[in-house]
Structure formats: C-alpha cells, structure tokens
Amino acid sequence: DSIANQIAAGEVVQRPASVVKELLENSVDAQAKTIQVIIREAGKTLIQIIDDGNGMSETDARMSFERHATSKIRSSDDLFRIRTMGFRGEALASIAAVAQVELRTRRSDASRTADELGTLIRIEGSEIKTQESVSCLPGTNILVKNLFFNVPARRNFLKTNSVEMRHILDEFQRIALAHPEVGFSLYHNDSEIYNLQAGKLSRRIVDLFGKQYREQLAYCEEETPYVNVRGYIGKPEFARKTRGEQFFFVNSRFVKHNYLHHAVVGAYEGMIQDGSHPFYVLFIDIDPSHIDINIHPTKTEIKFDDERSVYAIVMAAVRKAVGVYNL
Ligand code: ADP
Ligand code: MG
C-alpha cells in the first residue's frame, strides 16, 4: 500500500540527487548511448531523464513500478554476480511513491522486438493515473515532478537549491566518469551545465573538470590475476587542499574507500605536502565474488576479501604513474 511504499521510499529517495542517481543508472543499464538530464529548481519541481536505450514493453513499463517485481536477485549468490547498476527493483516504485511521475517508453530496434508505439504511464503517490499507448521516440523519457509533494515533512527538510544542486552534480559527475562511452548532457533551469560527447576517459575528465586538467594527467595501469587497476592520476603539484576530486570505481560503481585513498596518497609520499590531496580517477575491476557490496541502497562502501592486496596493487599502480613525472 502507499504508506508502506512511502516508508520504503525514504530509504532510496532522500533528496533530488538520489532520484537523479537511480534514473541515470537505469539509463546506463538500458544501454543508452546518449542521456539527457533536465532539472528545474535543483530537482525539487522537475527531474527529467531522456535516454535512447532499450526501452520497455507495456507490461515491463507497468511492472517497473512494482516493488521488487524486477529484482535481479533470486538467491544470495546473485549478490556476488551483480553486473548491472540496479539490482533491487525498488527505485522506480520508491520514486513513484513520493512524486508525480510520467514515463514514456518504447522498445528500440536494438532490443530485437522494436515497437511502433510506446507506453505512457502517469503515477502519483503510487497511484496509477494513466496508462495508454502513445507515439514517442524509442528509449525512455521519464519526468519526476514535485518530489515529496505528499510528504511535507520531507519536502521541508530539503536544503537550499544550491546545496541540492551540488549533490546532483556530484551524482552526475560520478556516473559520467564511470561511462565515458556514453554522451551526457545536463540542463538546469534552461541553462546548459554540461554537454559531454562520448569518448575516452581522459577527454571526459577534461570536459567535466576543465581544460587545465589536460596537461596534468598521467595514465595509470596495473594488471594482476586478482584485480586490475586503471585510470588517471594528477601531477603532484596539482594536488589540492580540498578533498573532492578523488574517484574510485569498483566494477563501474562509485565507491568511497578511505583505506585505498590512503594507498594513493602514500604513493605520492615526499611529492605532495601533508594534508593536500591528489586528483585521481581509478577503476578497480575485480571478480564480483571477491567483493561485498553493502546492499543498503544509498551506501557507497564496499569490502574486498583481500583488502591488503588491493591496497598494495593500487599503491604500485599509482607509484609507477607518479614516477612518470620524475624522469
Ligand atoms: P532496478 O534497476 O533495481 O532493477 P528500478 O526500480 O530502478 O529497479 O527499475 C525497475 C526496472 O525497470 C529495471 O529493472 C528495468 O527493467 C526497467 N527500467 C527502468 N528504467 C529503465 C530505462 N531507462 N530503460 C529501460 N528499462 C528501464
Ligand atoms: Mg535501477
């Protein structure tokens, strides 16, 4: 029922940025090549995501709002085989419990069973208002309006637009970094914030953070049977006092990891001042059976079964790359 949905929604949807994150992950999971994000008032009144991914059939579209109907977890072993970003099947149900949602979706040619017509579903506070066939582009176009319209306590708890927008930008940047092969654009109140062409990771970093990064990056790579590390690190003199531009992705998922951060900083020893933080974007790829993703929806923590090895390999990779500057 809708109260249970609202309570469960609180776990997944804490603020507009959580909606942006879940919807972007869905578009990536649907193999979109380009994803457009349109935001109004820091997501408080509108979050719209348009993708050119696989789209959904009418039945799947309806099912996508049912909690756990689409869960990819059938046994506890499945938790260790997760390859898609989403796996709980509760994001759309949660969002629809606390917002006014309009979904247009149509299966694309890529999904083998292309449809001529798409499906429109309107749902407000878990209540289906409309379900009909419509003509629309292949892919998925979803609007989330007036977040927490039916939960005043939550709506009043939201921070200023600039704070909420900062959270949205953080989520957007993480997903855009994790998927340089996908084109992304972001608009806020009709102004273009980003227009990122699909391409290489180095280009994505420069497009996201600025031209000044172009000459500051060193490629970093280390392959072992247990784990592969690759990405870019910044020159030592490019290290900053403020933390923020450090990114670890484990199997494409953004994670925070203080212990591994320490490994990176350690690799710069003697080259950066105490208390300054090097720039890095590092991808750690590992067999999912060696990691434990905290299954709490909003957690970004992860455990490795052999953390010390990952530490050593990350440090070795970064040390080699830092050495480039010392030739
Ligand atoms: P999860 O991602 O954990 O499966 P969600 O609630 O986020 O759960 O999405 C439910 C289902 O709806 C997904 O598993 C997927 O099948 C479908 N879906 C959601 N968004 C899209 C999209 N943009 N394109 C295609 N299918 C989608
Ligand atoms: Mg999802």
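Biologist: What kind of model is it, and how do the pLDDT limits work?

Modeller: This is a predicted model, where local features need pLDDT of at least 70, side-chain atom pairs count only at pLDDT 80 or more, and totals for chains, interfaces and linings use all residues. Residues are numbered from 1 along each chain as its sequence is written, and chains are lettered from A and ligands numbered from 1 in the order in which they are written.

Biologist: How many helices and strands are in the chain?

Modeller: The chain has 9 helices and 15 strands. Those are DSSP runs numbered from the N terminus: H or I over at least four residues for helices, E over at least two for strands.

Biologist: And how much of the chain is buried?

Modeller: Of its 327 residues, 38% count as buried. Buried is 20 or more other C-beta atoms within 10 Å of a residue's own, exposed is 12 or fewer, and partly exposed is in between, with C-beta atoms placed from the backbone.

Biologist: OK, helices. Is α2 mostly covered or mostly open?

Modeller: Mostly covered, with 12 of the 14 residues of α2 buried. Among them are V19, V20, L23 and L24, but also K21 and E22.

Biologist: What span should α2 have, and what does the model give?

Modeller: α2 covers residues 16-29, and at 1.5 Å a residue it should span 20 Å; the end C-alpha atoms are 20 Å apart, which agrees. The expected span is 1.5 Å times one less than the number of residues. Just after α2, Q31 takes a positive phi of about 65°.

Biologist: How does α2 pack against α6?

Modeller: Helix α6 is residues 161-178, and its axis is 8 Å from that of α2, at an angle of about 20°. Axes here are lines fitted to C-alpha atoms over the stretch in contact, with angles from 0 to 180 degrees between N-to-C directions.

Biologist: Which residues of α2 and α6 meet?

Modeller: From α2, they include V20, K21 and L24, and from α6, I168, E171 and F172. Contact needs C-beta atoms, placed from the backbone, within 7 Å. The residues of this contact divide into 8 nonpolar, 1 polar and 5 charged.

Biologist: What about α8 and α9, at what angle do they cross?

Modeller: Helix α8 (258-267) and helix α9 (307-323) have axes that come within 8 Å and cross at roughly 30°. That makes α8 roughly parallel to α9. Their contact has 11 nonpolar, 1 polar and 2 charged residues.

Biologist: Switching to loops: where is F65, and why is it called buried?

Modeller: F65 is in the loop between α3 (58-63) and α4 (91-97). F65 is buried because 21 other C-beta atoms lie within 10 Å. Leaving aside neighbours within four places in sequence, F65 contacts L92, A93, A96 and I123.

Biologist: And which phi does N251 have?

Modeller: N251 has a positive phi of about 45° although it isn't a glycine. N251 sits in the loop between β11 (246-250) and β12 (253-255), and with 18 C-beta neighbours inside 10 Å it counts as partly exposed.

Biologist: What about S252?

Modeller: Phi of S252 is also positive, near 75°. S252 is partly exposed, with 16 other C-beta atoms within 10 Å.

Terms used: Parallel < 35°, antiparallel > 145°, perpendicular 65-115°, else oblique. Nonpolar A, V, L, I, M, F, W, Y, C, P; charged D, E, K, R; others polar. Contact = placed C-beta atoms within 7 Å.
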